[in-house]
Amino acid sequence: HFLGWGGPLLPRVAGWLLSEVGRDALPHCLVVVPTAQSARRLRETPAGMAGGAILSPRLRTAEDLFHPGADVAPQPAVVAAWAEALMMAGPETLSALVPEASARQAGVAWALALAGLLVPAIDRLAEAGLRARDVEAGTDLLAGLGAGDGEAERWQVVGALEAAAGKLLCAGGFLSPAEAKIQRAENPVL
């Protein structure tokens, strides 16, 4: 159903759900949204429009409908591949990402800890259909909007790490979950 162009989408979706599905039927309705943040916002909006507490529809992200194949790497393998990519990169390469990187910090525990932070960020990008290199390509726009110095270099390093971790996983016969999501979205199997 096309909701038109008149105003912000979220209130139009919530209004349509209230008027077409109905307040009482909302809990029995399934709504697929693009991101977890959009699910949260849509969960809050109908209550505000209805003037009080109501039960929200069942909200799922498109990612919830994604069922990885046997070739998708388990999360520990993804973190390990990122940690190995970080250790292979060396402190001089990582200085754009972690300015205080030193040979002393580039050990296994440090790499695993940093990989544990980077992998969820990459997963959030994949939820939006993006890879780190896509963000890197948009850093000129970010610089124009006043983003800090070094943003392009940071994303260049993250993109290189993403590629290196992807190659390591591929060598083991796996695909990263983030890449699998993007590929599945680009080439859906219905």
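Mentor: Let us start with a pair of charged side chains. R131 and E179 form a salt bridge, and their closest N and O atoms lie 2.8 Å apart. The two partners come from distant parts of the chain, 48 residues apart. R131 sits in the loop between α4 (108-127) and α5 (132-137). E179 belongs to helix α8, which covers residues 177-186. Keep in mind that this is a predicted model.

Why would such side chains meet at all? Side chains of opposite charge can pair when their charged atoms come close.

Now look at R131 itself. Is it buried or exposed? R131 is buried, because its relative accessible area is 9% and the cut-off for buried is under 20%.

How accessible is E186? Its relative accessibility is 49%, so E186 counts as partly exposed; exposed would need over 50%.

The salt bridges share partners, and R131, E179 and E186 are joined into one network. How many salt bridges does a search of the whole structure find? The search finds two.

Next, the setting. The protein has eight helices and two strands. Read from the N terminus, the order of elements is α-β-α-β-α-α-α-α-α-α. Links across the sequence show up in the contacts too. Take the contacts between residues at least 6 apart in sequence: 73% of them join residues at least 24 apart. Of the 190 residues in the protein, 31% are buried.

Finally, turn to the surface. Its accessible area is about 11,200 Å² for the protein, and carbon and sulfur atoms account for 60% of that. One nonpolar patch on the surface is formed by L30, V32 and L65. Together these residues have about 260 Å² of accessible area. L30 is part of strand β1, which spans residues 30-33.

Technical notes:
Residues numbered from 1 in each chain as written. Predicted model: local features only at pLDDT ≥ 70, side-chain atom pairs only at ≥ 80, totals over all residues. Heavy atoms only, no water. Patch = residues over 30% accessible without salt bridge, like charges linked within 9 Å, V, L, I, M, F, W, Y side chains within 5 Å. Areas by Shrake-Rupley, 256 points an atom, 1.4 Å probe, with all protein chains shown as cover. Salt bridge = Lys/Arg side-chain N within 4 Å of Asp/Glu carboxyl O. Helix = DSSP H or I, 4+ residues; strand = E, 2+ residues; numbered from the N terminus. Buried < 20%, exposed > 50% of the residue type's maximum accessible area, 1.4 Å probe, protein only. Contact = heavy atoms within 4.5 Å.
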